[in-house]
Amino acid sequence: MNDMSEGLGANLSAADQALIDQFLIENQLFYAPDDEIMRDHRIAPRSTAEDEVLSRSDLDSNKIALVRDRLGSALQESFNMVEQMGVAPGARWGDLVSAIFTERGDLSQVGPYGIVPFASVCQYPVKFIRKYWMNDKSVGVREGDGFIHNDSRYGNIHNTDQSMLMPLFYKGELVCWLGSTIHEGENGAIEPGGMPSIAESKFDEGLKMCPFKVVERYELKRDLVNFLQNSVRDPKLQLADMKVKLHAVIRLQERVLAIIEEFGKEYLIATLRKTLEDTAAEVRRRIAELPDGTCRINTFIDGDLREHVLCKYPLKVTIKGDKMIWDLRGASPELTNRSINSALASQKSCMLSNLVLYVWPDLPSNQAVLDPVEILTHRNTLIDSSVDAPNAMSLIPIFRSLSVPNIVLAKFAYCLPKRYTAIVASHYNQPATFVYGGMTQHLEVTGNFCADINGNGGGARENSDGEHSLSPVFGYLADTGEYEIGEEELPYVRVVAQQFAKDRCGWGKYRGGMGYEQIMTVRGSDNFGFMTGQCGGKHNSALGLFGGYACPAYPLGKIKNINIFDTLKNDPEKVKFSMVDLMNEQAIPGATYVMQDAGMNFEQCHEGEVYMICQGAGGGYGDVLDRDPALVVKDVQDGLVSLEFAERIYKTILDPRTLAVDADATSRARAAEKAARKSRGVPYDKFVAKWVTKEPPADLPYFGSWDNDEELIASPPGGTRVRIKASECKGVMISNPKDRKIATLQAEIADLKKRLR
Amino acid sequence: MKVQITEYLGIDLDDEMWFCRSCSNKLISARDNYKRALLVYDRDPREIHPALIDASKYEYTFAPDPAYTALLEFYCPHCGTLMETEYTIPGHPPVHDIELDIDSLREKAGKWGQTYDMPRDIPVHPPKHTHPPHEHGHGRGHDDGHKH
């Protein structure tokens, strides 16, 4: 074959070869996600136009600064338009972004608010459109076109987010790209609300939009919109937000065209490119400030939203000069029929966001922030999964990329004489919220999620406690919304809303910010239900720093077979407005009380049944014995810490009546604890020799490397543990937990029958 | 010259030794894994994150599962300060978390001058802006580019 091919090739004229190349280009079977695009997070080389304008000796930096400010205002305006007009709950709470990209598709600028990872993944679809549709006669890219996409395999966080991407032409020439992205929610997946945890293949994930043209001459193509509406549970949402995003982008275009008219096209091109180049240069300078070396962490995800597994997420950061490498090799193999895998590009966008949220928050938010960072992974792993693996709940591993890099970089940066922000422990890193779906009290079918994901606790800082219920791990300035508005539209009712509960901190010299508890029920619909998508019920997820402890392990509680409204009416003293009291006292007659992992698959909630979750706390900072007793008192006064835990954790002795600190008793208690530590602690080498094992405990469903990052262990529940050469990892299938349960029950029945005989 | 590496760990570049910032005692060579000089305790994670829900009634209680979670506490052998925590899997090799290039650190610390235990100017809620710090044309340089 080789000889024949070479022979054919050798005999072809240049014209014939060109003809064949053109034929192949025009007759490609399928435009799959393109590795050349999807695996390259760096900014593109300068275009000729960029090079020309940036080489000009008379380029006025003041004008560039003005253009950048004007773009910022325009992006903020389009953000506000979407936030004010958007129908998706996510749009109303700030889970959106407006962005501008260079002609080559690099993300150059977002508005002062907005969710950066939403935008930084959009460079990939823009590059796809440029590569495949621009010169395709059946598609093309023209003024007034708009492209939609949601499939993360082509560049997205997860496919519940939808974008509107528009090329901007000036006098017939493509100058840049504009984008608007919203967490839309409902997308026709196997579970309502857009984040199906039970997805076993990508075909369970609902809409799977690779970038395609849905707008021509600034008008939505109604036939295509109708197709999309027909594919989701909430056709009103689908239409309305496509309109909102289109008109926000059209407004953004008007503003950018005005900038071009005032300053010239060259200044727009120069500004977009210079923003990127200057940012990358500044990041390299900041990397070079840090000492050379390697810092490492291992973290573990304790579930896949179907069953408990332990999936390793490691991070090794190496710095040499102005180069920084993030090495995630050793991560869990891809779980090929579970929903918690993620595309590498999604991971990278969240790594970028970690830098601009928790390490260098003064940097501009654009794609170049990650440009100087090299990322190493093994393919077909949880954090770099194949295109075939479902990734609808990629939030589970990507939230690690949003919460872990800063606590590794802290070990390089604490020595610096200069701070860009405080050294900070992990923000809470689980998507703690109710996802809902069903028929509303207005007889409309819907599916979406609640804003509580935006109310997670911040990590403790080197100089202060973490902020309570601050923001989602992926953004800032996002809100938790007005629940009363939601209750008017939807049949859920929050019996308890946003209530802090005691003793759920990441303890430390400075404690992590708390999350809040909520109790949810349904009223006015007999066809409505919830799911949740949290891990961390068995293994703590948001980690502390420099001796600080992690957040607790968060479960979900529910009370079935009751109607809380009837109980409130007839027996109100039996209803306590606290998850702990309700579950421990079990006071409501006839109720079924369940505490479970907070990765609950969708289930119906009958009117008055009760579901309870808690937003998580951020990690703690420093030794608990270094906590100022006055801060402990304040926590007790604020109802965040009980007297019992003040003494047990902080060794702070308070008068139970006045809360006055007994300074002598506290000193004695703390000294005693330090002595106890020295007594019970074992020298490291001796400890390691006795404690470390050659592999995980036999009954643990462990995935990932153990003591060698080139070899991965896979222990599927109900299956056999295998070792996989990491570079040849192909992913792992896991049996259906219901099948395993059935098999167990069948075995029990068979055993009982045998005994009866 | 001393350099602070974490809240509780420092490196004395004069003798290239890790030391405890709480009690100033020397620990181990700065080119070695500092954990080797510390005491380790395999803490039942439920002691720190206890069940808030009645564990006799329920499996999930806000407490981690010790089969899934090991909590290693690393203490200074001299003063008992809790220098690090590590949440890991029972039997998993503890992570060698800090491995700095001491020669690089010496070179950089030499340029910084005396910074050990000096107060850091920590920005609070730095306002987000869109100016890259390299933009010199409007009169701001590296040093003040982020202080708006």
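In the predicted model, helix α12 (residues 344-359) of chain A and helix α14 (residues 405-413) of chain A have axes that come within 9 Å and cross at roughly 60°. The two helices, α12(A) and α14(A), are therefore oblique to each other, and α12(A) passes α14(A) in a right-handed crossing. On the α12(A) side, the residues that take part are A:Met351, A:Asn354, A:Tyr358 and A:Val359, and these meet A:Pro405, A:Asn406 and A:Leu409 in α14(A).

A second pair of helices in chain A is formed by α9 (residues 222-230) and α10 (residues 235-263), which pack at an angle of about 140° with their axes 8 Å apart. That angle makes α9(A) oblique to α10(A), since angles over 145 degrees would be needed for the pair to count as roughly antiparallel. The crossing in which α9(A) passes α10(A) is right-handed. The contact is made by A:Val225, A:Leu228 and A:Gln229 of α9(A), together with A:Pro235, A:Gln238, A:Leu239 and A:Met242 of α10(A).

Helix α20 of chain A, which spans residues 663-680, has 18 residues and reaches 26 Å from its first C-alpha to its last, close to the 26 Å expected at 1.5 Å a residue. Within α20(A), the residues A:Thr666, A:Arg670, A:Lys674 and A:Arg677 are buried. An α-helix has 3.6 residues a turn, so residues three or four places apart point the same way. On the other side of α20(A), by contrast, A:Asp664, A:Ala672, A:Ala675 and A:Ser679 are exposed. The cover over the buried residues of α20(A) includes elements of both chains, namely α18 (629-637) of chain A together with β5 (39-43) and β6 (70-75) of chain B.

Helix α2 of chain A (residues 14-26) has 13 residues and reaches 18 Å from its first C-alpha to its last, which is close to the 18 Å expected at 1.5 Å a residue. Of the 13 residues of α2(A), the number buried is 0, so this helix lies largely in the open.

Leaving aside its neighbours within four places in sequence, A:Ser152 is in contact with A:Ile157, A:His158, A:Asn159, A:Ala343, A:Ser346, A:Asn391 and A:Ser394. The C-alpha atoms of A:Ser152 and A:Ser525, which are 373 residues apart along the chain, are separated by 34 Å.

The secondary structure of chain B comes to 2 helices and 8 strands, and from the N terminus on its elements run β-β-β-β-β-α-β-β-β-α. Of the 148 residues in chain B, buried residues make up 43%. Among the contacts in chain B with a separation of 6 or more, 37% are accounted for by residues 24 or more positions apart.

The contact between the chains takes 74 residues from chain B and 84 residues from chain A. On the side of chain B that touches chain A, the elements that give two or more residues are β1 (2-4), β5, β7 (82-88), β8 (98-100) and α2 (102-112) of chain B. Of these, β7(B) gives the most to that side, with 6 residues.

Key:
Residues are numbered from 1 along each chain as its sequence is written. Chains are lettered from A and ligands numbered from 1 in the order in which they are written. This is a predicted model: local features need pLDDT of at least 70, side-chain atom pairs count only at pLDDT 80 or more; totals for chains, interfaces and linings use all residues. Helices (H or I, at least four residues) and strands (E, at least two) are DSSP runs, numbered from the N terminus. The expected span of a helix is 1.5 Å times one less than its number of residues. A residue is buried if 20 or more other C-beta atoms lie within 10 Å of its own, exposed if 12 or fewer, and partly exposed in between; C-beta atoms are placed from the backbone. Two residues are in contact if their C-beta atoms, placed from the backbone, lie within 7 Å. Axes are lines fitted to C-alpha atoms, for helices over the stretch in contact, and angles run from 0 to 180 degrees between N-to-C directions. Angles under 35 degrees count as roughly parallel, over 145 as roughly antiparallel, 65 to 115 as roughly perpendicular and the rest as oblique. A crossing is left-handed if the near helix is turned anticlockwise from the far one by less than a right angle, and right-handed if clockwise.
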